[in-house]
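This report looks at one helix and the sheet beside it. The structure is shown first.

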Amino acid sequence: MFVIRVLHRWIGIVLCLMFAAWFFSGAVLMYHPFPSLSSTERQAHRAVIDISRISQSPGKALQASGVSTPTRLRMIDRDGMPTYLVHSHAGSVIPINAESGMKLPLITEGVAGRIATAFYGQSAMNIEGPLEYDQWIVHQQFDPYRPFYRVVFPDRHSTVLYVSARTGEVLQQTQQPERAWNYIGAVLHWIYPTILRRHWALWDQVVWWMALFGVLTTMAGLWLGVWRLCQMKKATNEQGFSLFHGWLRGHHLLGLFAGGFVFTWIVSGWLSMDHGRIFSTPIPTLPQVEGFQGITTEALASEFTSTSLQNLSDANAIEFLAVGGKPLIRVTGKTSFQLYEKLNSEDLTPLTLSRSEIV
């Protein structure tokens, strides 16, 4: 019992301010989520691909990329140029010119400014970069697209767009009000300062161990609260839930009634940081990806020619897919998307799914 008291007291002293900050910042986070640019917003503002300039087939683009384990192949407009994007299983993205078949270098500051201006519909005030990290692109989901240009606009919200120097895509947007709220919301709640969060493995260990110590401290407090109650009942036979007085009584009663809530809250946060320690990770392996597709990405790409893409008008994003061995193309426009299946080596036909197939 002595060990439990010492554990609860001293770890609680160390972590009490952190617990309070987690509760407060969590309340802020409920109403002011971390800044993001949704797929719908990106879809609505992306430039349309000039299909007439495509002369390289998807298969040739894969070969030119040099990627040994491709898992995804898509096409976008990159400053007026149709561009294949080859994603590798290792997490890299290689841009290939769909007209010349050559690998493309990082975009320049001027190109980033043009892309952001066309996307947002205003002239940029300032362009910074290329930069690897800042507070709003620190998540590992941005890793394949680094570095970024930070493009600032002179509107009333001080809007900032982040343009990938690798692909030319606008992948993040922030505004001053949400940036201010998130410093006391998500950044505090997730322990997200850039200096720590940019090192994913270190951040993962720090947050996981802090949450675990929080779980142990709360368990110790619950045990002590119930044990004290039982001991006092046995010794005095008096009514009530606590024989403490003053702030000690308040601490005892609050701990008894709120401890279960605090415990489940901390445990859920700790489990959300599992990342493969106890449960499996959500990242599929290469065999799982190919098993779902039914064919390899190389075989999928070889199913289509540059000629077969010529009728895909008004597309601002094209992705080559396969499900159960069936080659498909998903064409995204400003407000809609359409799936196409292959009829023969040159022709595609729109695919209509029934409700039962969607389910």
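## The buried face of helix α3

In this predicted model, helix α3 has five named positions that are buried: Pro 58, Gly 59, Ala 61, Leu 62 and Ser 65. Viewed down the axis of α3, these buried residues fall within an arc of 160°, so they line one face of the helix. On the other side of α3, Lys 60 and Gln 63 are exposed.

## What the helix packs against

Helix α3 covers residues 58–65 and lies across β1, β2, β3 and β8 (317–323). Its direction makes an angle of about 60° with β2. The buried residues of α3 pack against β1, β2, β3 and β8, and also against another helix, α11 (297–302).

After α3 comes Gly 66, which has a positive phi, near 75°.

## The sheet

The strands under discussion belong to an open sheet of seven strands, in the order β3-β2-β1-β8-β9-β10-β11, with antiparallel pairing. At the edges stand β3 (93–97) and β11 (348–350); each has a single partner strand, so one side of each is left without a neighbour in the sheet. From one strand to the next, the twist averages 30°.

Strands of a sheet pair through backbone hydrogen bonds, either parallel or antiparallel. Here, strand β1 (residues 70–78) and strand β2 (residues 81–88) run antiparallel and are joined by eight bridges. Within this pair, Ile 76 stands opposite Thr 83 in β2.

Key: Residues are numbered from 1 along each chain as its sequence is written. This is a predicted model: local features need pLDDT of at least 70, side-chain atom pairs count only at pLDDT 80 or more; totals for chains, interfaces and linings use all residues. Side-chain values use heavy atoms; hydrogens and water are left out. Two strands pair if DSSP finds at least two bridges between them. Helices (H or I, at least four residues) and strands (E, at least two) are DSSP runs, numbered from the N terminus. Axes are lines fitted to C-alpha atoms, for helices over the stretch in contact, and angles run from 0 to 180 degrees between N-to-C directions. Contact means heavy atoms within 4.5 Å. Buried means under 20% relative accessible area, exposed over 50%, partly exposed in between (1.4 Å probe, protein chains only). The arc is that of the directions from the helix axis to the C-beta atoms.
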